[in-house]
Structure formats: C-alpha cells, structure tokens
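Here's a quick briefing for anyone opening this structure for the first time. Have a look at the model, then work through the points below.

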Amino acid sequence: MGSFTMNIIIYQAGFIGDILVCGQNFALGLIDKYPNSKIDIVIQKKVAHVEEIIRPLDIFNKIILGSRSDYENLKKQYDKHFLIDEFIYPDGHLRTPFLKAGIPFDIYPLKIVISQKHKQVADMIFGDSDEKTIVMQHDMDRKWPKEKVEKLKQKLRKKVRILTVGPDVILPGFDKPLSFLESVALISRVDCFVGIDSGIAHGAALSGTQTILIPPIHPESWISPTEYANRNRKEKKHISIRPEPDEFCGHYFCLKPDKKGRTHPPHGNPIETKCSFFKQFLFFKTESCFNKISVDKFYKTVIKEVYKK
C-alpha cells in the first residue's frame, strides 16, 4: 500500500526577499512536518520574475502566477492551504506562518542557486583584481538619506573598490542591467555587500557574502540576515547598523498594526517613518532614529569588517 501524498498550496503576497527567505523557510518547515507532500505556491503576477529564482531550489511542485482570489478558488483542491505575508503583526514575516499553521518554528538551511552561466558573467565583471572589493546597492536612498549615502560612497572609495548593482544599473560592457541571479553571483565574489533591507540584500546573504545593512524599523526577528543567516556562521557575521542606544526607544512605537494584523504605512521605512517616542515640544514627532545613523558609524563598520583578518 503506497504512502499518502499531502497536497499543499501556499499563497505568498510578498516580493523577492519575502519569497526567497520566508517562503523557502516555511516550505521546508512543511516538508519537515509532512514528509510526503507536494507544495504548490501562488505568487503575484507583478513578481513573475521570481519564478526563475525559486524554481532551482527544487522545493515547489508548481509555481502559479495569480491573485489572492485565484488562491481562494484553488485551495479547495488541496489537503492544506496557507497564507504568507498577511496578518504578520506582531511576530513578523519569518515566524507568523509557523504560528498560524501550528508548526514549531525553526530556521532551516536556506540557499540560492547560482548557475555556471551567472558565475561567468560575474567573473567577467570582477576581473582579476586583488583589491578589496564591495558591492553597494544603487538605491540605498530609498531607506536612508541620499546625502548620507553619497558621503558614505565617497569615503569608502578611498579604501575599497566599489561595484554597484540594481535593476536600473547598466555596467560598462553590458547593454542591459544584470539579472537578480547575475547580481547575486557578482556579490558572491566580493568581500562585503553594503545596502538596505531589500530583495538583493537577502540574495547577498544567501550567497555567503557578508552583508552590512541599514535594516527596516522592525525587530531583527521579523526577517533579517542577522536572524536567519548567522546561526551557523562562525565569522564575518551579517551586521545590521542600528541607532545609538540613547536615540532608540527599543519598543518600536512607530511600527503600528492596522485592524487586519498588518502594519500601517510606511511599514518601517526609515526615510518616511516619524518617531512618536522622542517628541519635540511634546507634540511634534521627530525623524526616525534609524535616519539618524551616522555615516561615520557605517563607514567604520564596513572598513573594520572588510580588512578583518
């Protein structure tokens, strides 16, 4: 008599980093719980490009491009069904799916698959340089002040070689931007990745290269390389640049839930978030404590790690 196959469907409403990290980790948890299972995942059409990133993981039986309503119609055909990246407050993206599924939370060995073709592109860009080299994310100013980003680049250029990646960056010798996996392959060659909370930052962390990031205004346990990628890492650990203790309330009062268990905009973006704890004149909110992180602190952290023996 053959063993029973558990057919499972997941709907994930997130973007690259959410699917690559949270979706992969939760799927591995389901496989651990239900060893004889086939897992299909529904992702939104606007992130269709994620299919080529997660298919090589060899975890998902089918990757379906669709909406929440498509998932609602499909789930009747499955033995079990789960939502990810909805109703995440206060436990965060990484833990919430486990809690709602009644499965003990764990962090599984996560990966990203880089093909030989992606590595060849990276080798072409990296060349045979023996300089200390970092990759910087081109759009750090989405979540950290532009003037600080530019000043950090200026200071770092005096000490290290900087390569830049991003969906709008066309490197010399190329006629189009690198794909996500080509960018990850390049990052895997360098000494350090410098950026913000983003899909490419999660790709960098899974590539094995150390990341130094301005995190979102969320607890580290929500979804951060310091949480899921440092567990078995003995050296060159991933680092989140955080506010000075006297400028950080420690309670995330600026991160508020809505009635559906999500977070209110701006969802922890340091550029847009206003601090409701350290008010000026009792009434007026101040800028985010993460916005106050100094260029000098970021610079010293990067240089210390890059030149660490």
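H267 counts as partly exposed, because its relative accessibility is 41% and that label covers everything between buried (under 20% relative accessible area) and exposed (over 50%), using a 1.4 Å probe and protein chains only. Keep in mind that this is a predicted model, where local features need pLDDT of at least 70, side-chain atom pairs count only at pLDDT 80 or more, and totals for chains, interfaces and linings use all residues. Residues are numbered from 1 along each chain as its sequence is written, and side-chain values use heavy atoms, with hydrogens and water left out.

- H267 has a positive phi near 60°, even though the residue is not a glycine.
- H267 sits in the loop between strand 9 and strand 10; helices (H or I, at least four residues) and strands (E, at least two) are DSSP runs numbered from the N terminus.
- P266 is in the loop between strand 9 (239–240) and strand 10 (274–280), and the peptide bond from P265 to P266 is cis, with omega near 10°.
- D58 is a non-glycine residue with a positive phi, about 60°, and its place is the loop between helix 2 and strand 3 (62–65).
- D58 counts as exposed, because its relative accessibility is 71%.
- Another cis peptide bond runs from Y89 to P90, with omega near 5°, and P90 lies in the loop between strand 4 (80–84) and helix 4.

**A buried threonine**

- T96 belongs to helix 4 (residues 92–101) and is buried, at 7% relative accessible area.
- Setting aside neighbours within four places in sequence, T96 is in contact with F87, I88 and D91, where contact means heavy atoms within 4.5 Å.

**Helix 1 against helix 8**

- Helix 1 and helix 8 pack at an angle of about 45°, with their axes 7 Å apart.
- That makes helix 1 oblique to helix 8, since angles under 35 degrees count as roughly parallel, over 145 as roughly antiparallel, 65 to 115 as roughly perpendicular and the rest as oblique.
- I16, G17, L20, V21 and Q24 of helix 1 meet G199, H202, G203 and L206 of helix 8.
- By class, this contact of helix 1 with helix 8 has four nonpolar, five polar and no charged residues.
- Helix 8 is mostly covered, with nine of its nine residues buried.

- The largest pocket has a volume of about 1200 Å³.
- Of the 44 residues lining the largest pocket, F15, I16, D18, K143 and D197 are the closest to its centre; on a 1 Å grid over the protein atoms alone, a pocket is an open set of points where a 1.4 Å probe fits, with protein on both sides within 12 Å along at least five of seven lines, and lining residues have an atom within 4 Å of a point.
- Helix 1 (16–33), helix 2 (51–54), helix 7 (180–187) and helix 8 (199–207) each give at least two residues to the lining of the largest pocket.
- The second largest pocket holds about 260 Å³ of space, a volume being the space filled by probe spheres set on the points, with grid points joined across faces, edges and corners.
- Among the 13 residues lining the second largest pocket, P109, L110, Y228, A229 and N232 are the closest to its centre.

Terms used
Axes fitted to C-alpha atoms, helices over the stretch in contact; angles between N-to-C directions. Nonpolar A, V, L, I, M, F, W, Y, C, P; charged D, E, K, R; others polar.
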